[in-house]
Amino acid sequence: MGEEGSLLIIIITLVISFVIGITLNHFWPLFFNNYGTTLHVIPKGTFGWPLLGETLSFLKPHPSNSIGTFLQQHCSRYGKVFKSHLFFSPTVVSCDQDLNYFILQNEDKLFQCSYPKPIHGILGKVSLLVAVGDTHKRLRNVSLSLISTIKSKPEFINDVETLALQILQSWKDKDQVRYWEEARKFSFNVIVKQVLGLTPDNPQSALILQDFLAFMRGLISLPLYIPGTPYARAVQARSRISSTIKAIIEERRRKHVDGDSKKNDFLEILLCVDTLSEEEKVSFVLDSLLGGYETTSLLMAMVVFFIGQSQTALNQLKEEHDNIRSTKEKELLNWEDYQKMDFTQKVINEALRYGNVVKFVHRKALKDVKFKDYVIPAGWKVLPVFSAVHLDPSVHPNALHFNPWRWESDEQISKKLTPFGGGSRCCPGFELAKVEVAFFLHHLVQKYRWEVEEGEQPIAYPYVEFKNGLTIRLHQNST
């Protein structure tokens with residue numbers, strides 16, 4: 001046999017060995033079903049194909065106000081807790097309210113945040129979203145302190161309302177708008193003003209927005225760092241945003257030295273925090289932009305989408321805001337007005353439950369975890385699926401109907417509603433998002449009624465997008 005034949009045999013042997021190795025590595029955890037006890041077993045389920053497992057089926061797009069075919073089939077066959085192989089890892093998927101709550105309440109004790117490595121490449125290693133342990137606690141404490149300082153400040157509240165009025169004023173001669181685009185514009189204008197003190201017409205705002213859009217597209221793309229791919233462009237965009245933020249920080253420090261007056265924004269407070277490194281401060285600003293932009297705009301869109309299909313809810317919402325406005329003349333809203341928006345909060349909660357801004361989060365088991373009749377092996381990925389609990393009829397009667405009045409009782413709300421996560425990793429800025437949505441709604445429902453374009457639907461990819469951009473037809477209110 002010649003050299004070419006020998007080389008071919010070596011190549012074939014290597015390929016076969018590689019395939020066998022991948023297959024054994026993929027299915028090996030399946031052999032540990034009883035895990036040393038007859039009382040606790042790994043949940044039932046299947047691992048799917050070698051390497052990919054069932055990831056593609058799990059991520060198949062579906063309406064966000066449904067759990068999708070994958071979860072329907074698996075819950076029906078295996079129960080609300082089952083095993084699978086997702087994101088290149090053996091995984092326990094939880095659609096169970098009690099187990100989800102248990103996972104969220106045991107962060108850094110039994111479970112730990114564990115997003116796929118490519119996410120770290122875009123967000124950065126000190127991002128609040130991926131940091132763990134003491135680093136996460138330190139970053140979160142700073143975040144909570146910042147938000148509690150700013151959320152009820154008149155400057156923040158006035159900026160939110162002023163920017164909302166500017167958006168609505170731009171609709172004056174329009175009979176329809178692409179609402180999701182408008183919501184994104186509003187939420188971005190608010191967050192860059194509050195975090196960096198930039199106005200919408202500042203050239204740096206446009207520069208950050210352009211890079212931020214590239215950053216967002218890469219965050220949800222195939223993680224291949226090849227020049228020209230969305231992932232590679234996102235990593236590059238993050239670097240440019242970081243450079244822009246660093247330049248703004250340096251400019252702010254120079255102005256302090258020159259004796260210029262200080263601004264009322266996140267950055268001003270952040271510069272006085274000596275427990276964060278320069279890199280952590282830049283990453284903190286980027287996290288604030290990400291949370292304040294995408295989550296808030298999506299929540300705004302969800303509320304308008306569902307309210308547009310419930311005339312009764314819209315009427316009650318308008319009545320609440322008419323009553324608040326009747327106690328004022330032309331002055332802006334204040335924190336006390338926000339606290340009177342009781343039905344508005346119910347509408348927001350129901351939009352979060354039914355629309356599911358966040359479908360699931362990534363965790364891993366730090367040790368063998370026993371829960372009820374199950375054991376979750378150490379090192380396995382764990383996915384608590386929030387949408388499955390939000391749409392579970394045993395938890396929420398008539399779960400597939402938009403019903404804000406279900407929140408008239410706050411009984412066990414922290415277990416029934418987890419749109420922003422829970423425990424020590426609950427999104428620290430959720431109250432700011434609610435304020436922005438409530439203030440925008442205050443003026444929207446007084447000025448307009450609207451109809452949602454037929455066929456529109458929020459789709460989970462698992463990130464949520466509106467199929468047609470949420471175009472709404474506007475009708476001005478007569479009073």
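Where do Glu350 and Arg353 lie? Both are in helix 15 (residues 342–355), three residues apart, about one turn of the helix. Helices here are DSSP runs of H or I with at least four residues, strands are runs of E with at least two, and both are numbered from the N terminus. As a general point, an α-helix has 3.6 residues a turn, so residues three or four places apart point the same way.

Before I continue, a word on the model. The model is predicted, so local features need pLDDT of at least 70 and side-chain atom pairs count only at pLDDT 80 or more, whereas totals for chains, interfaces and linings use all residues. Residues are numbered from 1 along each chain as its sequence is written, and side-chain values use heavy atoms, with hydrogens and water left out.

Glu350 forms a salt bridge with Arg353, with the closest N and O atoms 2.8 Å apart; the term requires a side-chain nitrogen of Lys or Arg within 4 Å of a carboxyl oxygen of Asp or Glu. Glu350 is buried at a relative accessible area of 0%, and Arg353 is buried at 0% as well. Buried means under 20% relative accessible area, exposed over 50%, and partly exposed in between, using a 1.4 Å probe and protein chains only.

The whole structure holds 22 salt bridges. Another joins the side chains of Asp337 and Lys328, at 2.8 Å from N to O. Asp337 is buried, with a relative accessible area of 3%, and Lys328 is buried, with 11%.

A further salt bridge connects Lys372 and Asp98, at 3.4 Å from N to O. Lys372 sits in the loop between strand 7 (369–371) and strand 8 (374–376) and Asp98 in helix 4 (residues 97–105), so this pair ties together parts 274 residues apart in sequence. Asp98 is partly exposed, at 31% relative accessible area. Asp98, Lys372 and Lys415 are linked in a network of salt bridges.

I turn now to the chain as a whole. The chain has 18 helices and 13 strands, and 52% of its 479 residues count as buried. Among contacts (heavy atoms within 4.5 Å) between residues at least 6 apart in sequence, 71% join residues at least 24 apart.

Next, the nonpolar cores, each a set of buried Ala, Val, Leu, Ile, Met, Phe, Trp, Tyr and Cys residues joined through side-chain atoms within 4.5 Å. In the largest, of 104 residues, Trp171, Tyr179, Phe215, Phe440 and Trp450 touch the most other members. Helix 12 (residues 278–307) gives the most to this core, with 17 residues. Apart from it lies another core of 15 residues, among them Phe111, Ala365, Phe371 and Trp380.

Finally, Thr418. Thr418 lies in the loop between helix 17 (413–416) and helix 18 and is buried, at 9% relative accessible area. Thr418 touches Leu104, Phe386 and His390, leaving aside residues up to four places away in sequence.
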